[in-house]
Amino acid sequence: MKAMVVTNRAAGKAGMKLVERPAPQAAINDVVVQIHAAGFVSTELEWPSTWTDRLDRDRTPSILGHELAGVVTALGYGTTGLSLGQRVFGLADWYRDGTLAEYVAIEARNLAPLPGDVDFTVGASLPISGLTAWQGLFQHGRLQAGKSVLVHGAAGAVGSIVTQLAREFGAHVIGTGRAADRQTVLDFGAKEFVDLDNDALEDVGGVDLVFDGIGGEIGKRSARLVRAGGTLVSIVAPPEARPADGLAVDFVVESDRAQLGEIVQRVRDGRLRTNIGNVSTLDDAVAALNPTERRRGKTFIRVRP
């Protein structure tokens with residue numbers, strides 16, 4: 001099968017190559033999925049799990065990508081809950097070969113059924129962004145109706161879903177970004193927009209929840225905006241500053257079949273829009289994932305037509 005691999009950590013994205021690899025086999029509790037669409041996170045090349053296994057042994061050449069949508073083609077021994085020919089989507093294990101390939105072996109528990117009326121590319125756009133938003137808001141941020149949420153990077157793949165979910169659950173959403181992102185952020189449901197280049201972040205006043213997808217100085221300044229009893233949730237790194245009378249949380253997203261079902265249902269009934277930018281083929285993936293200019297939305301790879 002064709003697969004996108006990396007072997008040299010120092011080479012970064014320049015070291016990505018499309019090669020031929022053996023097709024995977026399904027282990028116990030696995031399924032093999034014929035991939036139709038896949039996603040890639042640019043920071044994958046910085047993750048230890050891309051280069052070593054759980055025992056810290058080298059596992060290169062590593063197949064990149066962790067989001068997928070496709071069709072089940074084989075079942076491992078003991079696998080339950082899925083069937084041959086079923087459309088699925090989900091999140092591949094960080095320490096195993098990924099989804100920028102024609103096939104992947106993946107634990108069945110990391111997949112959810114993909115309804116027939118949801119396009120494969122849309123399905124592949126949901127696992128990381130959707131689960132990160134859901135878990136950050138509801139598990140770690142303990143969001144309640146009527147609270148205020150400051151969403152950094154609200155026009156991005158994760159931030160746009162955070163904005164929509166928070167609005168749906170009755171929060172007052174303030175989105176941040178660059179000036180050019182203003183209308184996009186408001187269209188996703190934010191009530192206010194802060195231009196981080198030109199507006200004073202501190203003018204926002206106090207908020208109950210900060211969802212930080214930027215980090216750095218913005219994250220540190222945001223800690224001072226969290227009201228007593230509120231929470232700063234970071235998805236980029238452990239927070240460098242903590243609220244004076246609140247919580248600071250960072251987390252790694254986890255696969256969850258029930259949450260994937262909640263997210264995809266919202267796509268089906270129109271409550272949730274994904275933020276898909278460029279869509280490329282696997283043959284053109286190296287160029288697509290190394291853009292020469294800033295692009296809106298996230299790039300996805302359509303593995304099968």
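Axes here are lines fitted to C-alpha atoms, for helices over the stretch in contact, and angles run from 0 to 180 degrees between N-to-C directions. Helices (H or I, at least four residues) and strands (E, at least two) are DSSP runs, numbered from the N terminus. This is a predicted model, where local features need pLDDT of at least 70, side-chain atom pairs count only at pLDDT 80 or more, and totals for chains, interfaces and linings use all residues. Residues are numbered from 1 along each chain as its sequence is written, and side-chain values use heavy atoms, with hydrogens and water left out.

## Helix H3 and its two partners

Let's start with H3. Of its 14 residues, 12 are buried, so the helix is largely enclosed by the rest of the structure. Buried means under 20% relative accessible area, exposed means over 50%, and partly exposed is in between (1.4 Å probe, protein chains only). The buried set runs through Pro127, Ile128, Ser129, Gly130, Leu131, Thr132, Ala133, Trp134, Gln135, Gly136, Leu137 and Phe138.

What does H3 pack against? One partner is H4: helix H3 (residues 127-140) and helix H4 (residues 157-168) have axes 8 Å apart, at an angle of about 50°. H3 and H4 are therefore oblique to each other. For the labels, angles under 35 degrees count as roughly parallel, over 145 as roughly antiparallel, 65 to 115 as roughly perpendicular, and the rest as oblique. The H3 and H4 crossing is right-handed; that word applies if the near helix is turned clockwise from the far one by less than a right angle, and left-handed if anticlockwise.

On the H3 side, Ser129, Gly130, Thr132, Ala133, Trp134, Leu137 and Phe138 meet Ala157, Val158, Ile161, Val162, Leu165 and Ala166 of H4. Contact, here and below, means heavy atoms within 4.5 Å. Sorted by class, the H3 contact with H4 has 10 nonpolar, three polar and no charged residues. In that scheme Ala, Val, Leu, Ile, Met, Phe, Trp, Tyr, Cys and Pro count as nonpolar, Asp, Glu, Lys and Arg as charged, and the others, Gly among them, as polar.

Then there's H7. The axes of H3 and helix H7 (residues 257-268) come within 10 Å and cross at roughly 110°, which means H3 is roughly perpendicular to H7. Pro127, Gly130, Leu131, Trp134, Gln135 and Gln139 of H3 make this contact with Gln259, Leu260, Glu262, Ile263 and Arg266 of H7. The class tally for H3 with H7 is five nonpolar, four polar and two charged residues.

H3 is followed by Arg142, whose phi is positive, near 50°. Arg142 sits in the loop between H3 and strand E9 (148-151).

Asp56 also has a positive phi, near 65°, in a residue other than glycine. Its place is the loop between H1 and E4. Pro61 lies in the loop between helix H1 (48-51) and strand E4 (62-63), and a cis peptide bond joins Thr60 and Pro61, with omega about 0°.

## Accessibility at a glance

| Residue | Relative accessibility | Class |
|---|---|---|
| Thr99 | 0% | buried |
| Val303 | 14% | buried |
| Val236 | 42% | partly exposed |
| Arg142 | 43% | partly exposed |
| Asp56 | 60% | exposed |

Where is Thr99 found? Thr99 is in the loop between strand E6 (87-91) and strand E7 (103-107). Its side chain reaches the backbone oxygen of Glu67 at 2.8 Å. A polar contact is a pair of N or O atoms within 3.5 Å; within protein, one must be able to donate a hydrogen and the other to accept it, and residues adjacent in sequence count only if both atoms are side-chain atoms. Not counting residues up to four places away in sequence, Thr99 touches Ile35, Ala38, Gly39, Ile63, Leu64, Gly65, His66, Glu67, Leu68 and Ala92.

Val303 comes in the segment after strand E16 (298-302). With neighbours within four places in sequence set aside, Val303 is in contact with Ile35, His36, Ala37, Ala101, Glu102 and Leu282. Val303 and Lys220 are 83 residues apart in sequence, and their C-alpha atoms are 40 Å apart in space.

Finally, Val236 belongs to the loop between strand E13 (226-234) and strand E14 (247-250). Residues up to four places away in sequence aside, Val236 touches Asp212, Gly213, Ile214 and Gly215. The C-alpha atoms of Val236 and Asn198, which are 38 residues apart along the chain, are separated by 23 Å.
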